[in-house]
Amino acid sequence: MRNILIVVDMQKDFVTGALASAEAQAILPEVMAKISEYDRAGKEIIFTRDTHGEDYMQTNEGKHLPVPHCIKGTDGWQICSALTDGLFAEKDYTVVDKPSFGYTGWREVIAAQEADGSDLQIELIGVCTDICVVSNALILKAYYPEATVNADAGCWC
């Protein structure tokens with residue numbers, strides 16, 4: 001069984017920047033513990049980054065959420081420093097830049113041995129649960145109907 005942890009959008013703009021929330025800051029210890037657990041066990045860890053261009057305000061999302069955030073290359077686009085400093089500084093995890101709530105390129109990132117995903121156990125954690133975590137969980141389940149896909153409620157907001 002292949003175990004994968006997907007850490008969704010734990011970026012500076014969602015934790016301490018433009019769209020910061022107390023809830024995102026509060027889950028940091030649990031997120032760090034979950035990443036450590038997977039890392040110690042030698043399991044796969046994938047980070048996603050919400051990724052927008054300089055034209056964000058002209059996009060459909062920008063017209064409905066008029067707060068520039070996660071603009072590619074900016075400090076706010078980077079993974080939260082609590083996760084990249086210290087414990088995880090020397091790690092080389094896979095990072096996926098996703099231009100939308102849900103990422104449709106999972107098949108290229110997760111090359112399942114079994115087409116139906118029966119060899120996969122995927123756990124998602126992170127921010128914007130009602131949009132980004134759920135969107136990606138549903139896409140993954142659609143691509144891999146026999147995979148076990150879940151989210152840890154202690155590690156999302």
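1. On a 1 Å grid over the protein atoms alone, a cavity is a set of points where a 1.4 Å probe fits but cannot get out, whereas a pocket is an open set with protein on both sides within 12 Å along at least five of seven lines; lining residues have an atom within 4 Å of a point. The present model is predicted, so local features need pLDDT of at least 70 and side-chain atom pairs count only at pLDDT 80 or more, while totals for chains, interfaces and linings use all residues. Residues are numbered from 1 along each chain as its sequence is written, and side-chain values use heavy atoms, with hydrogens and water left out.

2. The largest pocket holds about 170 Å³ of space, a volume being the space filled by probe spheres set on the grid points, which are joined across faces, edges and corners. Its lining consists of Phe14, Leu19, Asp50, Glu61, His64, Leu65, His69, Phe101, Cys128, Ile131 and Cys132. By class, seven of these residues are nonpolar, two polar and two charged (nonpolar: Ala, Val, Leu, Ile, Met, Phe, Trp, Tyr, Cys and Pro; charged: Asp, Glu, Lys and Arg; polar: the others, Gly among them). Helix 4 (60-64) and helix 7 (129-143) each supply at least two residues of the lining; helices (H or I, at least four residues) and strands (E, at least two) are DSSP runs, numbered from the N terminus.

3. Leu65, one of the lining residues, is placed in the loop between helix 4 and helix 5 (81-84). Leu65 counts as partly exposed because its relative accessibility is 32% (buried means under 20% relative accessible area, exposed over 50%, partly exposed in between, with a 1.4 Å probe and protein chains only). Not counting residues up to four places away in sequence, Leu65 touches Leu19 and Tyr56, contact meaning heavy atoms within 4.5 Å. Leu19 also belongs to the pocket lining.

4. The sheet is open and is formed by five strands in the order 3-2-1-4-5, with parallel pairing; two strands pair if DSSP finds at least two bridges between them. Strand 3 (94-98) and strand 5 (148-156) are the edge strands, each pairing on one side only. On average, neighbouring strands of this sheet are turned by 25° against each other, direction ignored. For such angles, axes are lines fitted to C-alpha atoms, for helices over the stretch in contact, and values run from 0 to 180 degrees between N-to-C directions.

5. Helix 3 (residues 28-40) touches strand 1 (2-8), strand 2 (44-50), strand 4 and strand 5, and its direction makes about 155° with that of strand 1. Helix 7 touches strand 1, strand 3, strand 4 and strand 5, and its direction makes about 170° with that of strand 4.

6. Strand 1 is mostly covered, with six of its seven residues buried. Strand 1 pairs with strand 4 in the parallel sense over seven bridges, where Asn3 stands opposite Gln121. With strand 2, strand 1 pairs in the parallel sense over five bridges, and Ile4 stands opposite Glu44 in strand 2. Strand 4 (residues 120-126) pairs in the parallel sense with strand 5 over five bridges; Glu123 stands opposite Asn150 in strand 5.

7. Asp9, although not a glycine, has a positive phi of about 55°; Asp9 lies in the loop between strand 1 and helix 1 (12-15) and counts as buried because its relative accessibility is 0%. Cys128 likewise has a positive phi of about 55° without being a glycine. Cys128 lies in the loop between strand 4 and helix 7, counts as partly exposed at 23% relative accessibility and lines the largest pocket.

8. Ala24 is placed in helix 2 (residues 22-26) and, at 0% relative accessibility, counts as buried. Ala24 touches Met10, Phe14, Val15, Val127 and Cys157, not counting residues up to four places away in sequence; of these, Phe14 is also in the pocket lining. Ala24 and Ala112 are 88 residues apart in sequence and 31 Å apart in space, C-alpha to C-alpha.

9. Pro145 lies in the loop between helix 7 and strand 5 and counts as partly exposed at 42% relative accessibility. Pro145 and Ala115 are 30 residues apart in sequence and 9.2 Å apart in space, C-alpha to C-alpha.
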